[in-house]
Amino acid sequence: MPVSQLPKLTRLLGGRAVKSFLEINARACSSGLVYESTKITEKLLDANTLYHLDRYSRYTPAPISIKKLLEHGRVHDPKGSFYFLQKEIPTRLANMIMELRLLPEDLKNQKECVEILNDYISSFRDLIAFENECGTGKSLEKFNESLNIIRRRHLDTVPLMAQAVIKLNHMQNPSDGVNETIQYFLDRLYTNRISIHMLISHYNALLGQSKTLTGMVGTIDQQCDITAICRDAYEAAAVLCDGEYFNHPELKATAKDTTDGSEKV
């Protein structure tokens with residue numbers, strides 16, 4: 001319909017009817033975008049990808065601690081890092097893809113959620129291409145490049161998912177059970193994203209470095225003040241809470257230096 005005819009249409013139908021008309025067209029447009037995104041998903045999930053997805057999703061991600069990252073960083077074994085990430089990141093991606101596919105339909109069909117799923121599948125496909133590589137020469141260079149592409153690809157995961165959840169809440173009032181399911185998933189999605197970014201950043205920081213002048217081991221500062229970092233994060237979150245809810249909970253933090261046996265909590 002030409003734009004010039006909209007004022008005439010407004011007079012004929014009235015404000016409420018026009019609003020309904022525009023909402024229907026907006027939903028139709030949104031449905032079209034979701035349909036196109038779903039077609040992309042189906043194209044990405046070919047037989048080979050589904051086979052590897054099923055296999056990797058059966059694995060459990062390795063538990064990662066600061067202690068392990070420090071020990072690995074001090075040894076500085078680039079080839080060992082390659083072999084670890086070669087299996088570990090596809091495992092984490094596969095597990096998250098499976099969880100995305102099990103979300104409630106109303107959330108899973110949001111355009112932003114489909115986009116996130118497609119990003120995870122694309123990253124998974126990128127990495128399984130290195131499944132049988134040895135991590136030397138050109139192969140290692142391509143692997144490093146793929147890791148950096150993956151890291152950039154998922155920068156918008158949090159705002160995209162937030163937008164999908166907000167749109168879902170505007171469409172309907174989810175029951176308590178659905179809300180708990182979504183909240184549990186969001187916690188896992190964000191934790192998964194943080195762990196993948198941390199592993200990639202740590203790996204990149206160690207490339208070509210056997211020691212640093214600052215005492216950093218990869219991305220880990222051995223002299224950092226953990227309590228101060230937690231307080232900074234709390235203050236940033238408190239500002240967001242105040243802006244949304246006009247209040248925020250108090251912070252009660254305790255810490256102990258385990259390297260000093262005489263120090264109290």
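Does D126 count as buried, partly exposed or exposed, and what is its relative accessibility? At 26% relative accessibility, D126 counts as partly exposed. Here buried means under 20% relative accessible area, exposed means over 50%, and partly exposed lies in between (1.4 Å probe, protein chains only).

This is a predicted model, in which local features need pLDDT of at least 70 and side-chain atom pairs count only at pLDDT 80 or more, while totals for chains, interfaces and linings use all residues. Residues are numbered from 1 along each chain as its sequence is written, and side-chain values use heavy atoms, with hydrogens and water left out.

**Salt bridges**

Side chains of opposite charge can pair when their charged atoms come close. A salt bridge is defined as a side-chain nitrogen of Lys or Arg within 4 Å of a carboxyl oxygen of Asp or Glu. The structure holds eight salt bridges, and the table gives some of them.

| Salt bridge | Distance, N to O |
|---|---|
| D54 and R58 | 3.1 Å |
| K167 and E112 | 3.3 Å |
| R153 and D126 | 3.0 Å |

R153 and D126 form one of these bridges. R153 lies in helix 8 (residues 137–153) and D126 in helix 7, so the pair ties together parts that are 27 residues apart in sequence. Helices are DSSP runs (H or I, at least four residues), numbered from the N terminus. R153 is partly exposed, with a relative accessible area of 25%.

K167 and E112 also meet in a salt bridge. Because K167 lies in helix 9 and E112 in helix 7, this pair ties together parts that are 55 residues apart in sequence. K167 is partly exposed at 26% relative accessibility, whereas E112 is buried, with a relative accessible area of 2%.

In the bridge between D54 and R58, D54 is partly exposed, with a relative accessible area of 35%. R58 counts as exposed, at 62% relative accessibility.

**Helix 7 and helix 9**

Helix 7 (residues 111–128) packs against helix 9 (residues 157–171) at an angle of about 145 degrees, and their axes are 7 Å apart. Axes are lines fitted to C-alpha atoms, for helices over the stretch in contact, and angles run from 0 to 180 degrees between N-to-C directions.

On the helix 7 side, E112, C113, E115 and I116 take part in the contact, which means heavy atoms within 4.5 Å. They meet T157, L160, M161, Q163, A164 and K167 in helix 9.

Conventions. Helix = DSSP H or I, 4+ residues; strand = E, 2+ residues; numbered from the N terminus.
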